[in-house]
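Hi there,

I am handing over the structure we talked about, and my notes on it follow just below. Have a look whenever you get a moment.

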Amino acid sequence: MGKKGVLLVNLGTPDSPEVKDVRKYLDQFLMDERVIDISTLSRTLLVKGIIVPFRSPKTAKLYKEIWDENGSPLLYYSKIQAALVQEQLGSEYHVELAMRYQSPSIEAALDRMKAGLVESIQVIPLFPQYASASTGSVIQKVMEIVGKWQTIPPVSFVNSFHDNEMMISTFADNAKKYQPENYDQILFSFHGLPERQLIKCDHSGQHCLKTTDCCATLTDVNKFCYSAQCHDTARLIAAELNIPATKYSVCFQSRLGKEPWVQPYTSDTLKELAAKGKKRLLVFCPAFVADCLETLYEVTVEYGEEFKKLGGEEVQLVSSLNDHPQWIAALVKMVKDHHSNSN
């Protein structure tokens, strides 16, 4: 029997913090039809004519702020995750790491699996909460590539793991060293999405943004809703740490453009908390399984400076899952459980 293939896929990172590599990365990322879900012509004009030329130099400066001797933190921790998962799964498995955009590519990783004659392929997009622009894009890309093979092995996907108990416990464990009870408010800041993408995922056509607090509780109707899954992740982490509902807030960062995105925005939440006299904030970013530009710079530096200008004193980031042993164990269990359920 051949080995069981496991493909871990994260979002991606430029090959270097230089403008040319950042430009290449942003172009591939933003030209994805699931990321900017408008007509091809409009997307091309917007991305290649406006966003990439003007945003690349600014984004390159930000990447230089977080780049260290190990290179990109996202890629560095993703490689460690894959290596540790391979080590713990053993020789029955063939583990590969890929990035949806740039290197290492999904196609190259799948080709190595094909050459290794794997008997099956399990794909785990490393995004806890499902979104068309992240998990959906990975699934589509894998299907496009494997669909062209002459012999297609069994292929399965982990759709989301927003409520994975071991993941929740790891985030909580990472927070304990900061003594959450000593902070004025706990923020769960997730990556944002345009509201239109949430509406598209509402196959009932009657729920998303049409009912009060439509994302507050996970139900059969909104179980694939990114925002609803985010709220559920936050609720579970808060429960693990005995944080009352009044002491934590769910918000969304990284907005691009002027159209409505998932709300409340993190910046608006900072303003509201500062106006209420809150001084010290502890921030989780549970949409990311490895620290990256959005956590290390956007939260730690940009939001930290913004909050201090508003009269606050501290914005403390809770480290992402990175190479935490319990997170690695969670991935290993996810793989084994998924294979067991498939048999």
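Before the annotated residues, a word on how to read them: UniProt positions are given in the numbering used here, and such annotations may be inferred rather than shown by experiment. Please also keep in mind that this is a predicted model.

With that said, the unreviewed UniProt entry lists His 191 and Glu 294 under "binding site". The two are spread over 104 residues of sequence, yet they cluster in space, with a largest C-alpha distance of 8.1 Å.

His 191 sits in strand 5, residues 185–191, while Glu 294 belongs to helix 10, residues 293–309. Are they buried or exposed? Glu 294 counts as buried because its relative accessible area is 19%, and the cut-off is under 20%. His 191, at 23%, is partly exposed.

Leaving out neighbours up to four places away in sequence, His 191 touches Glu 294 itself, as well as Tyr 226, Phe 252, Gln 253, Ser 254, Ala 287 and Phe 288.

Helix 11 (325–342) and helix 6 (165–176) each supply at least two lining residues, with helix 11 giving the largest share, 6 residues. By class, the lining of this pocket comprises 6 nonpolar, 6 polar and 4 charged residues.

Best wishes

Technical notes. Residues numbered from 1 in each chain as written. Predicted model: local features only at pLDDT ≥ 70, side-chain atom pairs only at ≥ 80, totals over all residues. Heavy atoms only, no water. Helix = DSSP H or I, 4+ residues; strand = E, 2+ residues; numbered from the N terminus. Nonpolar A, V, L, I, M, F, W, Y, C, P; charged D, E, K, R; others polar. Buried < 20%, exposed > 50% of the residue type's maximum accessible area, 1.4 Å probe, protein only. Contact = heavy atoms within 4.5 Å.
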